[in-house]
Amino acid sequence: MSLQIQMIGTGSAFAKTYYNNALVYAGGFTLLIDCGYTAPRALHELGVSLDEIDAVLISHIHADHVGGLEELAFRYMYAFKRKIPLLVSSDLETVLWEQSLRGGLENLAENVTTLNDYFDVVALDEHTPTAVHPGLTVELLPADHIPGKPCYSVLLNGKIFFSADTRFNGPLLHELHHKGCTAFLHDCQLFSPGLVHASLDELLTLPKPIQQKTLLMHYGDDMPQFIGKTGDMTFIEQFKTYTFEA
Ligand SMILES: O=c1ccn([C@@H]2O[C@H](COP(=O)(O)O)[C@@H](O)[C@H]2O)c(=O)[nH]1
Ligand SMILES: [Zn+2]
Ligand SMILES: [Zn+2]
């Protein structure tokens with residue numbers, strides 16, 4: 001089985017030359033991982049209509065990961081007149097509505113008051129592989145991003161690690177490598193210290209076999225200055241489709 005990943009954006013939260021987030025294509029099914037404030041524009045540039053997406057998965061509630069959900073919700077409700085599945089950790093479901101989306105989406109006059117009014121919410125438990133389509137399972141792995149705020153990396157088909165936003169966690173990457181992970185798509189802050197992200201310096205401490213499987217994402221506008229300085233790791237390219245055995 002293979003799946004394709006297309007970064008609709010490879011940039012960090014404040015990048016201006018790159019967008020954010022990713023599409024996963026698996027056997028005719030299209031999963032959007034995160035829907036930040038740049039996602040609707042990036043999808044438009046790619047010629048991907050919002051109603052071609054079969055489900056959206058949310059890692060955490062920073063705006064570069066959820067800022068496009070209001071548009072997605074409104075377009076599905078009023079233009080497409082159906083709900084899209086929203087895959088989200090059970091401990092993020094209430095947080096996502098109460099602390100992020102409710103201000104723009106609540107409509108008391110029409111009795112639209114919950115996340116479920118817009119989305120088919122699929123609550124995921126961490127460390128629990130869940131089949132979202134034949135040939136595509138997702139597993140949420142808790143990520144160490146902002147203290148006290150839930151955030152999740154995603155393991156696709158038990159083989160492809162998509163970090164979303166996380167600080168460096170060497171033991172986890174080693175464990176996944178030994179379990180047969182074939183690719184690591186990892187956020188990378190180019191300058192140290194990484195603070196709330198893995199820094200390039202930290203990622204460079206990984207052994208060569210892991211680096212060779214690592215594609216760097218969520219990078220700043222200064223990425224071109226770092227080409228050739230990433231060891232055996234490669235910068236993943238925005239809009240390019242990559243195929244992985246998974
Ligand atoms: O405690 C914090 C919180 C935020 N930051 C900065 O904000 C951005 C948030 O966007 P991400 O989605 O996490 O990229 C983060 O990159 C930091 O630059 C912080 O440093 N510390
Ligand atoms: Zn981010
Ligand atoms: Zn974040």
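A polar contact is a pair of N or O atoms within 3.5 Å. I start with that cut-off in my notes and keep in mind that this is a predicted model.

I looked up aspartate 165. An N or O atom in its side chain lies 2.7 Å from an oxygen atom of ligand 1, so the pair is within the 3.5 Å limit. For histidine 145, the distance from a side-chain N or O atom to an oxygen of ligand 1 is 2.8 Å. For histidine 65, the corresponding value is 3.4 Å. I also noted the cover: ligand 1 on its own has 440 Å² of accessible area, and the protein covers 67% of this.

**Entry: the shell around ligand 1**

I listed the surrounding residues. Among them are Ala13, Phe14, His60, His62, Asp64, Ile146, Val196, His197 and His218. Which classes make up this shell? I find four nonpolar, six polar and two charged residues.

**Entry: the annotated domain**

I checked the UniProt record. An unreviewed entry there lists residues 19-218 as "domain: Metallo-beta-lactamase". Over this stretch I note 28% helix and 27% strand.

I looked at strand E4, residues 55-58. Strand E3, residues 29-33, runs parallel to E4 and is joined to it by three bridges. I looked up leucine 31 and found that its bridge partner in E4 is alanine 55.

Definitions and conventions:
Residues are numbered from 1 along each chain as its sequence is written. Chains are lettered from A and ligands numbered from 1 in the order in which they are written. This is a predicted model: local features need pLDDT of at least 70, side-chain atom pairs count only at pLDDT 80 or more; totals for chains, interfaces and linings use all residues. Side-chain values use heavy atoms; hydrogens and water are left out. A residue is near a molecule or strand if one of its heavy atoms lies within 4 Å of it. A polar contact is a pair of N or O atoms within 3.5 Å; within protein, one must be able to donate a hydrogen and the other to accept it, and residues adjacent in sequence count only if both atoms are side-chain atoms. Accessible areas come from the Shrake-Rupley method with a 1.4 Å probe; for residues, only the protein chains shown count as cover. Ala, Val, Leu, Ile, Met, Phe, Trp, Tyr, Cys and Pro count as nonpolar, Asp, Glu, Lys and Arg as charged, and the others, Gly among them, as polar. UniProt positions are given in the numbering used here, feature names are shortened, and annotations may be inferred rather than shown by experiment. Helices (H or I, at least four residues) and strands (E, at least two) are DSSP runs, numbered from the N terminus. Buried means under 20% relative accessible area, exposed over 50%, partly exposed in between (1.4 Å probe, protein chains only). Two strands pair if DSSP finds at least two bridges between them.
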